[in-house]
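Please open the model in your viewer and keep the selection panel at hand.

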Amino acid sequence: MADSTPTSSERSASGNREHARARRTALRACLASFSERFAKLPPTARRVRVLVVVFFACVAVLGIRLLDLQVVRSDALSRAASGFRTRSYTLHAKRGDIVDAKGAVLATSVERYNIGVNQKVIGQYKRYDKNGKLTGTGAAAAAEELAPLLKMDRAELGGLLMGGPKKSSFVYVKKDVSPELWREINSLRIAGIEPEQYMKREYPNGSVGGNVLGYVGQTDKEPGSSKGQAGIEKSRESVLAGKNGKLTVEVAGGGAVLPNGRRTEVKATNGSTVKLTIDRDLQNQLMQAVDQSVAANNAEWGSAVVVEIGTGRILALVDSKSPNPADLGSTSSANWGSRAVQAPVEPGSTGKVVTFSAGIDQKAVTPTTTFTVPYSITMPNGETVHDNDPHGTETMTVAGILAKSYNTGLIQVGDKVQDQVRYRYMKGFGLGEKTGVELPAESRGALTPPNTWGPRGHYTTMFGQGWSTTTVQLGQMASIVGNKGMKAPLHIIDSVTSADGREKPTVTGKPKRVISEESAGEMLKMMQAVTDPNSTGWRAKVAGYNVAGKTGTAQVPDENGNLTKRVGTFVGVLPAEKPQIAVAVVVYNGSGAGYGGEVAAPVFSQVSTFAVRQLGIAPSTTPLYKYPWYKSEMSNRNG
C-alpha cells in the first residue's frame, strides 16, 4: 500500500494557500470596518476625505510622470525638442579644379543658389517705407519686391509664395541663382525666403578636353550634391570632391530663423586641384584635326594621342565629336567616353613596327638585308599571303620593305624570329596590357599567346592583324622607338594640390628597356622613309622637320561578320634624329579606301605643325635619312 504521508513541497504549498486565505479574510474585514465607519461620517466629511484621497492619487501620478520626463527620458526628449527648434543646412564643399599643364582652368565649380519659400512664415512679412509706415504684408508684398529681381510675373510669384490651404515649409521659387543675386534678395530680409546653396560645375573651354575631363552627375544623397561619372572627374573623385560642412540654426515655431538664436557651423573642406599633363591649346588643335578628318572621310569616329617622349606625359588625347561636359545632350551618348583608351582596333601595318624591331634587335636582319619580294607568296607552312596592290617581284632591303609596307617581304623578316620571342617583344611594347593612364575603363586590347595563333595567325600577327590595340597603346609603341628603346609609363596627371596648398606630384614607375638603343636608332632611320613621295605616308610630312613613322590599314568586320569596314592608322615621332613627341592617330571606317596614309597621316602633319611651335621644338638640322630600298640601289651606292 502506497505511503500517504505528505511531502515537504506539498506541506509548503498547503501552508501558502492557508496564509493567502487568511490575508484575504483580514482585508475584507478591514474594508468592511472602514466602510462602516465611513458611512457613519457626515456627508461633508465624507466628501473631504474623498477629495484628499483623489488629490494624493493625482500627486502620485504627476510625480511618476515628472520622474519619467526629467530623469528616464530626459535625453531623448531634449533631442526631440532640439530637432523642432533647429534647422540644418549643408555647406557644400567646392569641388576641386582641373587645370592643364600650364594652369589654364579646364573644369571648376562656382557657388550657386536655389531660392525657396517657407509658406508657413511668408505671411508674417511686413514692409515699411522710409518713414516707418506699413506699406504691405504677406506674400503679395514679398512678390512685389522679388518679381523684378527674379524676372517673374508678380501675380504668379505671389501665388507660389502663398501656396494653397496646405502650406509647405520649403517650395522652390527660382533655381540656379548667382551669389550676387542672392545677396541682393537676402538684403530685403523677407521672412520665409530661404536659400539652398550648391556648387555648379563649369567647363570654360566647352568641348576641348571633354573626353578626358568627363562629367559629373547628381546623386540621390542630398540636393546640390554631385559625383564624377566619367573621365578624370570619375577616376579622381576622391580628391576632387572635398568634404561638405554643416550649418545648424535655431528657428521659431513657424520656421523663421531666430536672429539671436543658437548657431553652429562645421566648415566644408574644399576638394583638391588636379593638374593634367594636357596642353589645352594642343588639345584643341588635335581635336580640330581629328574632327576634320572624320568629317572629310565620313568616318564613324577618330582618336589621337600626343606623348612627350622620355617622360610618358600625354600632351593631348582626343576623340572625335568630343562632348561639352556642361551640355551633354548636344552630343550622342556614344561619344561621352574616350575611345582612345576604351576602343581597341586591329592596327594593320603600324603593327609591323614591332615585327621589324624584333628582327633588328635579335640581329636576325639589318636594314640592308635583302629579300625577294613578290606580289603574292606561299610560305613553307602552306599559307599564301599577298600585298594590297599588285606589283612586280623585286629584290628589296628590309628598309625598302618597311617603306613600301609589303606584307610579302615583312613575313619573311618575321620568320627570322621565333613566335615566342616575337610575342615577348609584343608584350614588351605594351600590347595586350593597360598603359595605366589615369582614366576609367581602359582596355588592355587583345593579344593571345602563340599557341593560339595557328598557321595563318603565325603570319597575320606579324602585320597587325589577329590582335588589337588602343590609340594610347599605339602612342606608347611609337614613343618607345623614339625613347631609345625605353618604355616610360604613360600618365595624364602631373600633380594633385590640396586645398591648403600641399602639392603631390605624380610618381610613375621606372622606364623599362624593350629594345636596345642601337636597334631603336636603326628603326628611326628606316621609318624616316615614310614621308618619301613613293612611300605610304607622304601626307605626314612636316615642313622643316624629319619625321619617322608608319602607316597602317586593317579590315574590320561589320555587324554580319563581313570585312566591309576599314580602320586607318598612323604612328610617328619627330624630329626623327632626336624625337620630342610621338603621335598616334586612328580613323575608324572612313569612306573610300580608308587607308591610314590618307585618313590618319594628314592629322599627324596638322597637329605636329602646331605642336613644334607650341612646344618650342627646334627644326631638324640634318638631312632626312634614307637607306636603299632595292638591291640595285645598294650596288649603285657601293659603286
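Select helix α4 (residues 138-150) together with helix α6 (residues 179-186), whose axes lie 11 Å apart and pack at an angle of about 165°; axes are lines fitted to C-alpha atoms over the stretch in contact, and angles run from 0 to 180 degrees between N-to-C directions. α4 and α6 are therefore roughly antiparallel to each other, a term for angles over 145 degrees. Now show side chains: Leu146, Leu149 and Leu150 of α4 make the contact with Leu181, Glu184 and Ile185 of α6, where contact means heavy atoms within 4.5 Å. By class, five of these residues are nonpolar, none is polar and one is charged.

This is a predicted model, in which local features need pLDDT of at least 70, side-chain atom pairs count only at pLDDT 80 or more, and totals for chains, interfaces and linings use all residues. Residues are numbered from 1 along each chain as its sequence is written, and side-chain values use heavy atoms, with hydrogens and water left out.

Next, select helix α12 (residues 352-361) and helix α18 (residues 517-527), whose axes come within 9 Å and cross at roughly 130°. Val353, Phe356, Ser357, Ile360 and Asp361 in α12 meet Ser519, Glu522, Met523, Met526 and Met527 in α18, a contact with six nonpolar, two polar and two charged residues.

Finally, select the whole protein, which has 639 residues, 47% of them buried (under 20% relative accessible area, 1.4 Å probe, protein chains only).

Notes:
Helix = DSSP H or I, 4+ residues; strand = E, 2+ residues; numbered from the N terminus. Nonpolar A, V, L, I, M, F, W, Y, C, P; charged D, E, K, R; others polar. Buried < 20%, exposed > 50% of the residue type's maximum accessible area, 1.4 Å probe, protein only. Parallel < 35°, antiparallel > 145°, perpendicular 65-115°, else oblique.
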